[in-house]
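Work through the exercises below with the sequence and the structure in view. Try each task before reading its solution.

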Amino acid sequence: MSIEIRDLHFVYHRGTPLESAALAGIDLVINKAEWLSIVGHTGSGKSTLAQHLNALLVPHQGQVLVDGISTSGESSKLRNIRQKVGLVFQYPEQQLFAETVYDEVAFAPLNWGIKAENLEDRVSEALNAAGLGPEFKNRNPFQLSGGEKRRVAIASVLAARPSYLVLDEPTAGLDSRGKNDLLSLLASMREEGMGIILITHDLELALSCSERILVIENGKAVISGSSEKVIYTLGSTMVNGLIVPEIAKVAQGLRNCGWDVPLSIDETDIAEAIVKRVRDREIS
Amino acid sequence: MPADSFIHRMDPRAKILGVIFLLTGIFMVKTLLMFFFWFIILFSLTLFSKISLSVILRSAKPVIILVLFTVFIHIFFTKGQILYSLGFITITLEGIQMGIHMGLRLLLLVLYASLLTLTTSPMELADGLEKLFTPFKKVGFPAHELAMMMTIALRFIPTLLDETDRIMKAQLARGADLDRGSILKRLKAFIPVLVPLFVIVFQRAEDLALAMESRCYKGGRGRTRMNPLHWSKGDTLAFTATVFMVFLIMYIDRSLVLI
């Protein structure tokens with residue numbers, strides 16, 4: 001089970017004078033139950049790519065296969081794909097419309113035709129997963145705080161029990177505590193076997209949590225691989241608009257001087273490697 | 001439409017007044033020959049404005065159904081000399097004549113109006129209208145406020161289209177079914193799109209009001225302009241020519257009817 005993307009091309013305003021290529025030949029396989037982050041600058045095509053994963057956009061060239069079903073196929077299958085791949089848009093709290101949190105979260109399961117007797121459980125489970133207690137059920141979503149609204153919006157996507165969860169800049173506008181809570185929520189979903197696809201411009205965020213990173217620039221994949229590989233590659237190549245975390249720059253610099261420090265953004269790891277090297281030298 | 005011609009550079013007031021005269025002229029005309037003249041004038045003005053003819057004609061597309069509807073209503077429901085009748089349907093000579101005239105009038109109306117909007121930016125249009133309505137301020141007509149509202153509305157159309165697209169996609173991703181089922185069902189399916197959209201609109205309006213107030217916007221009184229309108233000799237000439245043309249065509253039309 002996986003999402004396969006083959007030679008994906010997409011052009012906005014195709015056939016008009018405003019034509020602009022958003023994606024130009026992306027190849028990518030996303031396995032179930034992995035955490036992949038897609039990192040890129042504004043306009044790199046990352047949000048466009050996200051919308052291809054659940055058939056909201058359909059490729060102009062190439063293919064997207066979700067568990068073997070092509071998004072370019074019959075429209076009756078598209079709903080199937082959208083059920084499998086949950087998509088949390090940027091600022092998802094703007095999509096809220098219901099009078100109570102319960103109705104809001106029940107919206108997606110009802111659309112996918114869940115049985116009435118299971119609905120209550122589904123909603124409770126999703127609210128719980130998003131870190132909202134049962135006391136929220138009867139509250140008006142518009143009267144919640146910003147962070148709570150976002151949790152409701154995420155719960156409303158989780159309630160459909162997707163196999164993959166795509167999140168477009170989910171931490172935008174959250175304070176550091178809200179951000180950490182969200183990341184640990186995602187980590188626990190990942191533990192339960194959900195594939196997490198995080199779309200962000202924030203390289204540090206991606207490095208801190210994902211198993212695999214895809215860096216895209218102008219609609220093309222430029223780096224793909226583990227955090228170490230991304231930090232290593234960024235030591236010699238520049239990617240437009242991408243901010244390399246200071247600690248990674250320190251690691252790159254030390255390695256250029258021949259020091260054996262890990263390619264990581266974990267300050268403790270790097271400090272330990274430095275201390276070890278200094279101690280070894282003192283002894284010799 | 002981005003292009004540069006004398007018509008583009010004209011003072012918007014001259015253009016608006018000119019078009020108003022032209023439209024009254026079009027509604028006064030009663031002979032086919034004169035309708036034909038109005039079309040010739042439209043095409044030469046289009047040529048003169050360097051806008052391609054197909055762009056102007058395309059702008060009439062959305063009203064084609066309305067025009068046809070009007071034509072048929074007139075054909076079927078005008079009393080007069082009966083040409084053909086089948087059951088309750090009767091077609092009269094006067095009906096056909098009226099239908100064709102009304103259809104042509106509507107078509108000309110739309111085409112001339114789009115010639116105006118295609119050669120004038122929304123900002124200029126609003127400025128022109130504001131200036132034209134200024135004399136009515138004395139009787140309490142809010143000219144500046146109306147122009148400002150028009151500008152803001154036009155400015156936010158593309159933004160709101162983007163927002164609608166985004167919200168629709170977000171609800172589609174949650175399994176909303178927006179394009180299947182009966183009309184009632186579809187209307188109901190749109191509630192999850194409309195509610196968030198209203199929320200966003202009110203938020204934007206509030207933000208905009210705050211931004212305007214923090215830059216000391218206090219309405220039209222004592223406000224100076226960045227690009228003051230300038231009525232040139234060319235404008236006077238073009239406007240006079242338009243008025244002259246309207247009266248000439250009306251005169252010929254009257255004489256043709258009397259014959």
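A salt bridge is a side-chain nitrogen of Lys or Arg within 4 Å of a carboxyl oxygen of Asp or Glu. The model used here is predicted.

**Exercise 1.** Find which residues D127(B) is linked with in a network of salt bridges.

*Solution.* Start at D127(B) in chain B. The network links D127(B), E130(B) and R225(B). Over all chains, the structure holds 20 salt bridges.

**Exercise 2.** Locate K84(A) and D67(A), and decide for each whether the residue is buried or partly exposed.

*Solution.* Step one is the contact: K84(A) and D67(A) form a salt bridge, with 3.7 Å between the closest N and O atoms. Step two is the location: K84(A) lies in helix α2 and D67(A) in the loop between β4 and β5 of chain A, so the pair, 17 residues apart, links distant parts of the chain. Step three is the cover. Buried means under 20% relative accessible area. D67(A) has 17% and is therefore buried. K84(A), at 23%, counts as partly exposed.

**Exercise 3.** State which helix gives the largest share of the negative patch.

*Solution.* First list the members: E204(A), D266(A), E267(A), D269(A) and E272(A) form a negative surface patch. Helix α10 of chain A, residues 267–283, gives the largest share, three residues. E272(A) is placed in this helix and counts as exposed because its relative accessibility is 51%.

Note on methods:
Residues are numbered from 1 along each chain as its sequence is written. Chains are lettered from A and ligands numbered from 1 in the order in which they are written. This is a predicted model: local features need pLDDT of at least 70, side-chain atom pairs count only at pLDDT 80 or more; totals for chains, interfaces and linings use all residues. Side-chain values use heavy atoms; hydrogens and water are left out. Patches are made of residues with over 30% relative accessible area and no salt bridge: like charges are joined within 9 Å, nonpolar side chains (Val, Leu, Ile, Met, Phe, Trp, Tyr) within 5 Å. Accessible areas come from the Shrake-Rupley method with a 1.4 Å probe; for residues, only the protein chains shown count as cover. Lys and Arg count as positive and Asp and Glu as negative; His and the chain ends are not counted. The place of a charge is taken as NZ of Lys, CZ of Arg, CG of Asp or CD of Glu. Helices (H or I, at least four residues) and strands (E, at least two) are DSSP runs, numbered from the N terminus. Buried means under 20% relative accessible area, exposed over 50%, partly exposed in between (1.4 Å probe, protein chains only).
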